[in-house]
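Subject: Handing over the two-chain model

Hello,

Please find below the structure that I promised to pass on to you. Take a moment to look it over before you read my notes.

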Amino acid sequence: MSLLIYLVVVSLLLPPANAQSSTVRLALTRDEGWLNPYTYQSGYPGWNIMTLVYDPLFYPDLNNEPIPWLVRDTRVSTDGRTWTLTLRPNIRWHDGRPLTSEDVKFTFEYAAKVTHSRWTPTTRNLDGVDAPNPQTVIFRLKQPDAGFRLRTLADVPILPKHVWEPVTTVAAARAFRNTVGSGPFRVEEVQDGQFYRLSANPQYFAGPVKVREVVLPIIRDATVSFTALQAGQIDANARTLSPELVAQFEKAAGIKVVRGAGFASTILQFNVEHPLLKDARLRRAIAGAINTTLMVRLLMLGYAVVGSPGYLHPDSPFYAQGLKFEGSKAKSVALLNEAGYLDRNRDGIREAQDGTPLQFTLLTLAGNPVRIRGAELIRTALKDVGIGVNIRVAEDAAIIDQVWPEFDVCKGRRFDMAVFGWSAPVMSRPTALVDLFHSNCQIGAINIGGYKNPQLDRLGEQLVVTVDPASQKQLAAEMQKIVAQDLPIHVLFYPDTIMAYRQSAYGRWAFQKGQGYVTKLSFVDPPK
Amino acid sequence: MLWRFFAAKGVQYALVLLFAVTLNFALPRMMPGSPLVFLAGEDVGFMTEAQRAQLYSAFGLDRPVWRQYAIYLGNLARGDLGHSFQQGRPVVEIILSRLRWTVLLVGISLLLATLIGIAWGTAAAWRRGRPLDLASLGGAMLLESTPSFWLAMIFIAVFAAGRGWFPVFGAMTPGAGLSGPAWIFDVAWHLVLPLATLTLVTIPGMFLIMRYSLLTVLGEQYISTARSKGVAERRIMFRHAMRNALLPVSTVFMLNLGYIVSGATVIETVFSYPGLGRLLFEAVLARDYPVLQGTFFIVTVSVILANIAADLVYPLIDPRVRHAR
């Protein structure tokens, strides 16, 4: 009897969530709307979580190579402009209706009509989508597209036509709560600002889903999210572990730390249109004075890779072998002297020929302590070679307003230099070099420094229509060499992707190179 | 004469409301930065001019500012606070879902802090200059200058992560699907640490006001008279001094009552508590104009209501105001 009472008392005291071993609790950083393709918010982990509920035609594997997902067979015409895809049989929506080529056709036509920043641009090169029979879908492209498989087919989630057809405006789509998808999970519960609860789709076409239930609590504070992991109140965290916590977590019982190359970047962005900074020699001297190896050691405690001057990470399949930035303070001083930047009035700051002092404002985001400390190191380093830097820190939207007004490169820029960075997906596609560096503001959509080089433009225009991987690699290598020469940005480092989880709760996480374990492949094996 | 008083007050409050509502509209739009990324997602850079235009017009941001203002006022009059840019949901729905958590946390904390502050302040004033008073004053100063996020972190480290007595984050166990008494217990269990933190940092203010106010009263002549009449110390304290000394505390309490709905941004953020303070903070970062306007509106209205309540209640507790009118 007393044992029974004891058991009842103990079971009441235990936090209820611990009782379900088949539930995985993965902390998110922020609210992700209703988790459908028009309401999720962040590129990472929002897109990754959304694709637990919806499926694109292809899906990036652990090496970021797109593999067929909803698709069984792919045929590309010799001119690269006609893609004929055959869908797998017996794929069903969560409501039981079959997923057919009509849904695929509808999705791309919908994306073209109802604007979304990620889906709509992928339809720009589409001449049309046909659905000759329920299993076959044909994409007709205006011109061959190097990024079609990764950026379009492995990215755009397929929408159920019968659900989305009546939702015709952007505002309606943004307010639409339906989450009927085809993915391995269904959305069961959405608690505003608190958590999401997803349950496994028992009829998933690709095979059994490895977890019965996924709970996604929203934890705003990074430190608290890792405390919760340590205390066993969550099992995994979409955030990457900050370097100072790595040693502690590696020693902690029951917690496993996974680590690999990170494809996000931390860069020093120059405004190439600035009257002084348009001089590549000055940019080279600035870059040379900054000791990036020291930065990696001091700021990242070694958990980062020193930047490559061609932007792409050495672990990227498109990295130009042997590209390395060589610089030193002595070389920078020599370069500045040679280019005529001298301290004529002996105030410690050099001046240009016309007397303008080499005094710059360096912007950085308030929410990122590592970048603020990086800015401090840059200021100290540049002072040593006679270049003055004022650091200005502000919240994200205020900084973006100066560096990238309205997220539209065509609207110009109002800054000198900024410690900035790009997220991992920018690294995993070769065409990112075009987005980053093409001089036409419509094509170089993230060329926020206003960099121009006609030779690079030509190579870029060639790259976007090249489908053969070997030729892609060659073109990308040539572009990286030009970028390394001109230095429109100086890549400081690539922080490693370090993530932690509780082994006992769930140990089958799959680590996507450069990005982390928040991927569909952590919960389901690729379809055979 | 009473109706004239209320008519004057009514006009006054209506003007304040209009002014505040206008400010609520203007301030978010004066901040640098664009809500575009939250309307369309992170890849806005890749959109064409036409696609951007479609988005701006879908959310009415392409209209001249005065038009937007007129529409905003019209909608407000109909009780429509619009849809969140960020979440797509109706602002009213978001605010209501956050309001209960904030009222629970901040409301209880204000009550507790006021009661404790009054008791503590009285005890200290009674023992003025003695060790208890000096220690209390030092302790209150220390607590007053403690950053709330730091205190919250310490509590989390010691009582949540360290001892495991309380949860680290949230207002309830995510995905547990509890109901009835188990749910109430779960909510209370999650409330302990944020409530303790918020109460602790609110107490010193109440303590200092109460102590100072009581000391002022104790220096009045009628207290000396009472003493010379031979009235008992305890009776002087509770009958003569404390009732008068409570007036400033009740004013502060009333004013704070209005600010309950503005939440406790820092503590709600650290504990991932789904209150209005955190909502407001996130809306600022996202340039979510409708949510900002809606939250500010709720705060404005409740501050005004608290003032009206104070106007009505004050004559009841302070006869001098009643006679002056």
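Predicted model: local features only at pLDDT ≥ 70, side-chain atom pairs only at ≥ 80, totals over all residues.

Residues are numbered from 1 along each chain as its sequence is written, chains are lettered from A and ligands numbered from 1 in the order in which they are written, and side-chain values use heavy atoms, with hydrogens and water left out.

I begin with chain A, whose domain assignment (the bounds come from an automatic or database assignment) gives domain 1 (3-50 + 183-254 + 499-522), domain 2 (58-164) and domain 3 (265-495). The centres of domain 2 and domain 3 of chain A, taken over C-alpha atoms, are separated by 36 Å, and 9 residues of domain 2 are in contact with 11 residues of domain 3, where contact means heavy atoms within 4.5 Å. These two domains of chain A bury about 790 Å² between them, with 58% given by carbon and sulfur atoms; buried area is the accessible area (1.4 Å probe) that two parts lose on being put together, summed over both. On the side of domain 2 of chain A, the residues that lose the most area to domain 3 are A:P144, A:A146 and A:R151, which together make up 52% of what that side buries. The rule finds 1 salt bridge across this interface, a salt bridge being a side-chain nitrogen of Lys or Arg within 4 Å of a carboxyl oxygen of Asp or Glu. The side chains of A:R151 and A:D435 meet in a salt bridge, at 3.8 Å from N to O.

Chain B is divided into domain 1 (20-77) and domain 2 (94-324), and the C-alpha centres of these domains lie 37 Å apart. Between them, domain 1 and domain 2 of chain B bury about 1,200 Å², 68% of it on carbon and sulfur atoms. B:N24, B:P28 and B:M31 supply 38% of the area that domain 1 of chain B buries against domain 2, more than any other three residues. Across this interface the rule finds 0 salt bridges.

How many residues does each chain bring to the contact between chain B and chain A? Chain B brings 59 residues and chain A brings 57, and the two chains bury about 4,900 Å² between them. There are 6 salt bridges between chain B and chain A, and A:R177 forms a salt bridge with B:E93, with the closest N and O atoms 2.7 Å apart.

On a 1 Å grid over the protein atoms alone, a pocket is an open set of points with protein on both sides within 12 Å along at least five of seven lines, a cavity is a set where a 1.4 Å probe fits but cannot get out, and lining residues have an atom within 4 Å of a point. Why does the second largest pocket lie between domain 1 and domain 2 of chain B? It lies between them because both domains give residues to its lining. The largest cavity is lined by 13 residues, and A:D408, A:C410, A:C441, A:Q442 and B:M47 lie nearest its centre.

Best wishes
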